[in-house]
Each structure stands twice: as structure tokens, then as C-alpha cells.
Amino acid sequence: MWESIIDIQDEVKEAIEKNLPVVALESTIISHGMPYPDNKETARQLEGIIRAVGAVPATIGIVGGRIKVGLGDEELELLAKESDIVKVSRRDFPEVIALKKNGATTVAGTMIVASKVGIKVFATGGIGGVHRGYDTVLDISQDLVELSKTNVAVVCAGVKSILDIRSTLEYLETLSVPVYVYQANQFPAFYTRDSGIEAENRIDELGDLAQIIQMKWSLGLDGGVVIANPIPEEAAYDKGEISDMIEMALLDAKADGITGKAVTPYLLDRIKTSTEGRSLEANISLVRSNAVVAAQLAKKMINI
Ligand code: PSU
Ligand code: MN
């Protein structure tokens, strides 16, 4: 069934068939994570960065109920500009496909599509996780569940401190998801390089990481791998500076009664507004850096 509802761009299809390095990119970051037109420009820039490293980019989204692996100009424009784009994780696929809606895939949604078409590496900004206050409302992102079963390596800048980072890492352990921090000793917190949590697994060589990932899948131990790549030094925030913004955003979300899948986009938007766009710059810078690492990793993966 999946084959009949997925359109793969020629360049991506050829790369997959020839076993060339391919990197998947998500579209929730476009539709629900950044404003227009920065979102569209960033999406195309990321594709350029991946190409420059020598891999083929595949931005994934859903248009009129058809899953697109590689977005054309009109498709990207639509997902970047329209306001009624469904945020698609595992449970949302049936509705969006059956009712021919437009959808932006989250980390969970993008992993599913990537694995269906044979893409092993995926670059994003931050993954979802366990939300703060989970002891009152059990809000845990589907991203974590997807990471426990779908074979895609996800390069991110860690977990934003709108979430409970410690609990997110503990839950990833429960779900048996390997987490590697790239060339650093502390697990990163998206806008900052240090979440205050020591990395359990540091990796310095992407060749080693590629071997570990392939070994996991060869052993039949299904599931994703998280590669946390700290934000570049020059774009990083001071911890204190960003944590005030985050506290404010969390209070606003509570006051506005935001729940469910609207929580993450709401918090991202509040932080963006309160930092007057500087957080957007940081966001763009870290995704670009993740795209480079993902492309390098994809190249290592095909040589094994
Ligand atoms: N965290 C970020 N930026 C993002 C997201 C999360 O710092 O853009 C997006 C990703 O697409 C992620 C999704 O998969 O939000 C998680 O949403 P939720 O928490 O509702 O599962
Ligand atoms: Mn949630």
C-alpha cells in the first residue's frame, strides 16, 4: 500500500536505488516551527548543504494525501505558507491520506516514511520528548515511541528545555534507544550546548557511529538512534538567557490552556517572539550544522 501513495523525486529515487547517501528532512519544522519565508529559505538551504557534502536531500511532506519524498517548489511553498497543514506523526497518517489532506511530518512521521523508502539518515532540529509536568499530564512525544521501533538514525541538536530533558533521556533508555553525543561531553539542549547532563555515550568518529548503527540493525535490534550534535558555539545562547524565555513560554501555554499536539508549536512560537527572532537564527544555524553531520554520516553508512 505505501508504495502506491508515495511519490519519490527522480533524484532521490535514483540515489536510493544506487545506494548513494541520502538524508531525509522533516516538514513540521517548515509548517509549524518557523515563519514564512524563513522556513522555505531554510528548507532549500538545508538541501544545498546536504548536496555540498555529497549526499542527496529528501524533504518529506504530504500534499493532497500523497506522501512526497523530495518537495517541488509549489509543494514546499504550500507547506511553508498555508495555515491548515496537519502535523503528522504515526497516528495521523490514515486520516491525512484517506481524506487527501496536506500534512507536515514530525520526526516520528518522517522516520516512518524514510524507513519505507529506504533512507537511513535524517537531519532535524530537536526531537520531541517528555514534557515538563508529566506527572500531572502525561505528555510524551510520539517521536520517542517511533525511535524505539523504526530504523532511522536521527541527527538533532538534543532536546529543547521546554521539555524535561532528564526524563526524556531516561525514557529513551527505557525504550532501548541508543543516544550518542557528537564530539562533546554534555548532552545538548538545542539553544545551548550543555543541558547540564553528562553524555553517557560520546562519539567522535562518524565512521565508528556508522558501524554501530549498522550492527544494531544487522542484529535485528530494530529502532532508531539519536545523534545529538551541539549547536555551533557562535550561535549558542547563554543558559540563563534562554531559560527565562522558556519559563515564560511555559506559563503562557498554561494560561492559554494549550494541550495536545498544539503544545510544541505554541512553545516554539512564544520563544521565537520573545527573543525577537534571535532564537530563529540559532535554530537555523543548528539545523544547518545537523545537515552537515547527517550527510557525512550517510556517506559513512554506505561504505560499510
Ligand atoms: N522540537 C523543536 N523543534 C521542532 C519540533 C520539536 O525544538 O520543530 C517538532 C518536530 O517535528 C517534532 C515535533 O517531531 O515538533 C514534536 O511534536 P510533539 O511534541 O507534539 O510530539
Ligand atoms: Mn504531546
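This is a predicted model: local features need pLDDT of at least 70, side-chain atom pairs count only at pLDDT 80 or more; totals for chains, interfaces and linings use all residues.
1. Phe190, Tyr191 and Tyr237 together make up one aromatic cluster.

2. Lys160 places its charged end over the ring of Phe190, at 3.9 Å from the ring centre. The ring of Tyr237 has the charged end of Arg278 over it, 3.9 Å from its centre.

3. How many aromatic pairs does the structure hold? The number is 3. One of them is formed by Trp2 and Phe93: the ring centres are 5.5 Å apart with the planes at 70°, and the pair is therefore edge-to-face. This pair connects distant parts of the chain, since Trp2 belongs to helix α1 (residues 2-5) and Phe93 to helix α6 (residues 93-98), with the two residues 91 apart.

4. Attention now passes to strand β3. This strand covers residues 56-63 and is mostly covered, 7 of its 8 residues being buried. Its pairing with other strands is described in the next points.

5. Strand β2 (residues 22-25) runs parallel to β3, and 4 bridges join the two. In this pairing Ala24 stands opposite Ala58 of β3.

6. With strand β4 (residues 66-69), β3 pairs in the antiparallel sense, again through bridges, of which there are 4. Ile62 has Ile67 in β4 as its bridge partner. The two strands form a hairpin with 2 residues between them. Gly64, which lies in the turn, has a positive phi of about 55°.

7. Which strand, covering residues 103-105, also pairs with β3? It is β6, which is antiparallel to β3 and is linked to it over 2 bridges. Here Gly61 stands opposite Ala104 in β6.

8. In summary, β3 is parallel to β2 and antiparallel to β4 and β6, while Phe190 takes part both in the aromatic cluster and in the contact with the charged end of Lys160.

Notes. Residues are numbered from 1 along each chain as its sequence is written. Chains are lettered from A and ligands numbered from 1 in the order in which they are written. Side-chain values use heavy atoms; hydrogens and water are left out. Rings of Phe, Tyr and Trp (its six-membered ring) pair if their centres lie within 6.5 Å; planes under 30 degrees apart count as stacked, over 60 as edge-to-face and the rest as tilted. A charge sits over a ring if NZ of Lys or CZ of Arg is within 6 Å of the ring centre and within 35 degrees of the ring normal. Buried means under 20% relative accessible area, exposed over 50%, partly exposed in between (1.4 Å probe, protein chains only). Two strands pair if DSSP finds at least two bridges between them.
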